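Me: I have a model open and would like to learn how to read its features one by one. Could you walk me through it?

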Amino acid sequence: MRTNKTTTLSLKNDDTLPIEEDHQRGQLIQRRQHALTLHLGDFQLLRTLGTGSFGRVRLCRSIHNHHYYAIKIMNKAELVRLKQMNHTNSERKTLLQVIHPFIVHLWGTFQDTHYLYMVMDFIPGGELFSVLKSEQCLEPHVAQFFAAEALSALAYLHEECHIIYRDLKPENILLDRQGHVRLTDFGFAKYVSDRTYTFCGTADYLAPEIIMLIGYGKTVDYWALGILIFEMLAGYTPFHDDDPLTGYDKILVCNIKYPLHFSTLAHDLLARLLTRDLSQRLGNLAGGYQDIMDHPWFADMDFELLAQREITPPYQPQILDGNNGQDPSSCYEIYDEEPLLPSLENDVDPYRHYFMDF
Ligand SMILES: Nc1ncnc2c1ncn2[C@@H]1O[C@H](COP(=O)(O)OP(=O)(O)O)[C@@H](O)[C@H]1O
Ligand SMILES: [Mg+2]
């Protein structure tokens, strides 16, 4: 079982996003953007929920409505140093556009001298990564449920928003109070009408077409779905290597050893997702994502009920309610805390122009 979290990679960025045209969704988005002009003083900042490559996410509580939120805090100087300006602006823009039951809700964003802030709903059930860590591997029906909700979110992103997600992995799949999936981390999400070339994602989950630098589209998310299903069933990813370059070679060779306990149907589905040949990869054929939903491994999954959140989740997170001094974020790991640099009201901010929309 993988005990360490994986880190995201990004060597180059080329991301831009066109203006959202859908009227109804546009109105909802505008409500999100303009309902509140947020700043740090609106929140009581509590503990760190998670850290990633480009920032950390803190639990916080509104001083107005006393609800809990999760705020992703990113250091602007660091983002500029790592050339993540376009990715970060794209993260904000894509997440503000999407409205889906299995995707985290972004309320708004703001910035001060040193940091960018993204205010999201707090998702209390923790990461799928933590579930996998404690269970080693998941029962097929549990893996099937998480895979189905993740697939439903990906299908929505691809077909309705023309967004590829590019960072599907257990660390970015959160569980809500009932145990339903909420996809977070749109740091690599991108509007793509055709293909893109950026080398980014997470080593174990990279599709061969990303490594080969030949240009790619939504197929990379279906490859990642295959890796996710494999990892949930096996407890490890199929191409892992401590040396990333050797790992990339393994991905390109694509010689997968399936554990003996995998069913024939699981084996068949994964062989059709984890293929280098894009003309064979499920999700990229005539039926699109529906071909994956129609695969016999998902035979007893009703995707229509699933989309209505009507399928009872197989795993119920143990969540404390936050009253009487209880920690509402007990499903999350404990991290060392770092104090924020104080914002300097009159200071010249050399980075603001990179992030004008925040
Ligand atoms: N809305 C949220 N509610 C609760 N925890 C969250 C939320 N969003 C992110 N996190 C936690 O913070 C971690 C890092 O956030 P993420 O957006 O993935 O950052 P990075 O882009 O640096 O990977 C996640 O893996 C998760 O543990
Ligand atoms: Mg992440």
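Predicted model: local features only at pLDDT ≥ 70, side-chain atom pairs only at ≥ 80, totals over all residues.

Me: What is the mean pLDDT of the protein?

Reply: pLDDT is the predictor's confidence in each residue, from 0 to 100. Here the mean is 91, and 92% of residues reach 70 or more. Residues 12-22 have pLDDT below 50, yet this stretch has 23 contacts in the model beyond near neighbours in sequence. Two residues are in contact if their C-beta atoms, placed from the backbone, lie within 7 Å.

Me: Which domains does the assignment give?

Reply: Domain bounds come from an automatic or database domain assignment. In this protein they are domain 1 (22-122 + 321-351) and domain 2 (128-307). Their centres, taken over C-alpha atoms, are separated by 26 Å. Contacts join 15 residues of domain 1 to 21 residues of domain 2. The side of domain 1 that touches domain 2 has 7 nonpolar, 6 polar and 2 charged residues. For these classes, Ala, Val, Leu, Ile, Met, Phe, Trp, Tyr, Cys and Pro count as nonpolar, Asp, Glu, Lys and Arg as charged, and the others, Gly among them, as polar.

Me: Where does ligand 1 lie relative to the domains?

Reply: A residue is near a molecule if its C-beta atom, placed from the backbone, lies within 6 Å of it. By that rule 22 residues surround ligand 1, the closest being G50, G52, V57, A70 and D185. Domain 1 and domain 2 both give residues to this shell, so ligand 1 lies between them. By class, the shell has 9 nonpolar, 8 polar and 5 charged residues. Strands (E, at least two residues) are DSSP runs, numbered from the N terminus, as are helices (H or I, at least four). Among the strands, β2 (43-51), β4 and β6 (115-121) each supply at least two residues of the shell.

Me: Is K72 buried or exposed?

Reply: A residue is buried if 20 or more other C-beta atoms lie within 10 Å of its own, exposed if 12 or fewer, and partly exposed in between, with C-beta atoms placed from the backbone. K72 is buried, because 29 other C-beta atoms lie within 10 Å. K72 is found in strand β4 (residues 68-75). Setting aside neighbours within four places in sequence, K72 contacts G55, V57, M118 and M120. The UniProt annotation "binding site", from an unreviewed entry, covers K72. UniProt positions use the numbering used here, feature names are shortened, and annotations may be inferred rather than shown by experiment.

Me: Where is G55 found?

Reply: G55 is in the loop between β2 and β3 (56-62). G55 is also buried, with 22 other C-beta atoms within 10 Å.

Me: What is the phi of H66 near?

Reply: Most residues other than glycine have a negative phi. Phi of H66 is near 65°, a positive value. H66 is found in the loop between β3 and β4 and is exposed, with 9 other C-beta atoms within 10 Å. R166 also has a positive phi, near 70°, but R166 counts as buried, with 29 C-beta neighbours inside 10 Å.

Notes: Residues numbered from 1 in each chain as written. Chains lettered and ligands numbered in written order.
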